[in-house]
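Thanks for coming, everyone. Please bring up the model.

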Amino acid sequence: MAFDGIVIANLVKELNETITGGRISKIAQPENDELLLTIKSAKGQVRLVLSANASLPLIYLTQNNKPSPQTAPNFCMLLRKHIANGKIIRIYQPQMERIIHFEIEHLNELGDLCRKQLIVEIMGKHSNIIFCEEENKIIDSIKHVSAQVSSLREVLPGRTYFVPNTQEKSNPLTADTASFQSSVFGQSLPVQKAIYSAYTGISPVIAKELCCRASIHDTQPADSLSKEEQSRLYQHFSALMDDIKEGNFSPNIVRNGKEPVDFSAVEFTQFPDFASESYSSISEVLETFYASKNVYARIRQKSVDLRKIVTTILERNRKKYELQKKQLKDTEKREKYKVYGELIHTYGYGLEENAKTLEAFNYYTSENISVPLDPQLTPQENALKYFNKYNKLKRTCEALTDLIEETKDEILHLESISTSLDIAVSEDDLTQIKEELIQCGYMKKRPAGKKEKIKSKPFHYLSSDGYHMYVGKNNFQNDELTFKFAVGNDWWFHAKGIPGSHVVVKTNGDELPDRVFEEAGRLAAYYSKGRENEKVEIDYLEKKNVKKPKGSKPGFVVYYTNYSLVAAPDISEIQLVSE
């Protein structure tokens, strides 16, 4: 996620096309580090979000409003005093930096025409919104930075505004072959790092994209590139800079399924396995991306405790499973003790007193073997000792075989819950998973009182041929879909041998086209533990042939006859109807 100089350049172009010449009709400060400006222009009214949040600095245009505090903060009141109804006359980005300057024209108390600058710096934890006189004298800022906080620059009323040059980076828009040669190819750093270390506004992800376009490995040392590789890399770099100068941007969001992975103002080639969604506006990209990202981040945060419980129990069961398998392997020698006992019974009558071994012919293998004896015991007692060992190991083997099967089932069940946590998209989904953990004894029951109402529903997709396909988000929904919602001739899909969702296709009594089977298989592959694999084997059969053993865990089923197909876990082209 790179809010880099290229994204800023795209934003500046969009802002100039949209709000330059417009007037600031309202100024609000909904958060301590965020402004919301309502701007009226010839193209209509829009709102401009300016956020200097340390973890999520943002600038974008939106139609959405936000509630503001009843008493406006001092910085907001200051801006209202100076630039309320001010006209935005210029918006620009200096030197491809992550900075946007808004030049605003307004009338002062005496009615004289004045100009002020609102400067937004998008620099991670150092982000700020600074209000300046025309001569770069700071009037105030949304964050005050004293000398105790930063030795490089004070951001305080009365100080002169400047951008500290701490990294000695160059403006990529003015780069030529010679400067690129010395700045990038003269370094022994990995080529990706050499690029973003040399130029402002170039993020690591864009540097990697340039390497990808030039078919160069991004970790290769920059000073080891061949002349041909150097030429290819510079050509792609130069072409990208030309696009920026000409305002040729391609705002997009890269998604893994529905989850946003990254965004950019240029097209990516480094994510061949992910889908790219194009937008006409970089503001729409930013608003959509961070809204979607916040949903996934919030769900992941809320699922931390559940995931920790599942992971802890899962690891404990995996260790127990390995120990049980080792113990079972130790019981394999039981047959040897049985043979020893039988051979002593057969040949022990001729043993001398206090004999330590019995040399005998093993009629099972047609070989001579040596049987160890306890000289303090009679042959009959030695034989009984071996038969007792055999019987003990036999009982242990039988018990361990059952225990191993139980532990394996529990591991599969916990892995299915872990997969359910991976695909949860709402708090209701987490509530249902929590209910399963309680019912299965993995969590304590909540105190008696009002039971939480669960609103979570399965995913609902529509096939290309108009057939409805449903995907369970967790084991409760899997059981509900398979045994209460689906009817006998509906088709049922599941990833073979790994945890995953039940997928049900409603047939309405029709014979399904082949394409529906392929799409349902892709859903079963995507909503399974194998979603990161290139291909996943899928079992499918009519629902009437799926059975649930009595007393089995939620989501567990058995079937004995099925068809199989291999599907890619790609659902980007399958229509999601509702959730």
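Glutamate 398 counts as partly exposed, at 46% relative accessibility. Partly exposed sits between buried, under 20% relative accessible area, and exposed, over 50%, with a 1.4 Å probe and protein chains only. Glutamate 398 belongs to helix α10, residues 379-423. Helices here are DSSP runs of H or I with at least four residues, strands are E runs of at least two, and both are numbered from the N terminus.

Two notes on the source. This is a predicted model, where local features need pLDDT of at least 70, side-chain atom pairs count only at pLDDT 80 or more, and totals for chains, interfaces and linings use all residues. Residues are numbered from 1 along each chain as its sequence is written, and side-chain values use heavy atoms, leaving out hydrogens and water.

Now, salt bridges. The structure holds 24, each a side-chain nitrogen of Lys or Arg within 4 Å of a carboxyl oxygen of Asp or Glu.

Which residue pairs with aspartate 422 in a salt bridge? Arginine 307, with the closest N and O atoms 2.8 Å apart. Aspartate 422 lies in helix α10 and arginine 307 in helix α8, so the pair ties together parts 115 residues apart in sequence. Aspartate 422 is partly exposed at 48%. Arginine 307 is partly exposed too, at 26%.

Next pair. Glutamate 121 bridges to arginine 153, closest N and O atoms 2.8 Å apart. Glutamate 121 is in strand β7, and arginine 153 is in the loop between β9 (138-141) and α3 (177-185), 32 residues apart. Buried or exposed? Both glutamate 121 and arginine 153 are buried.
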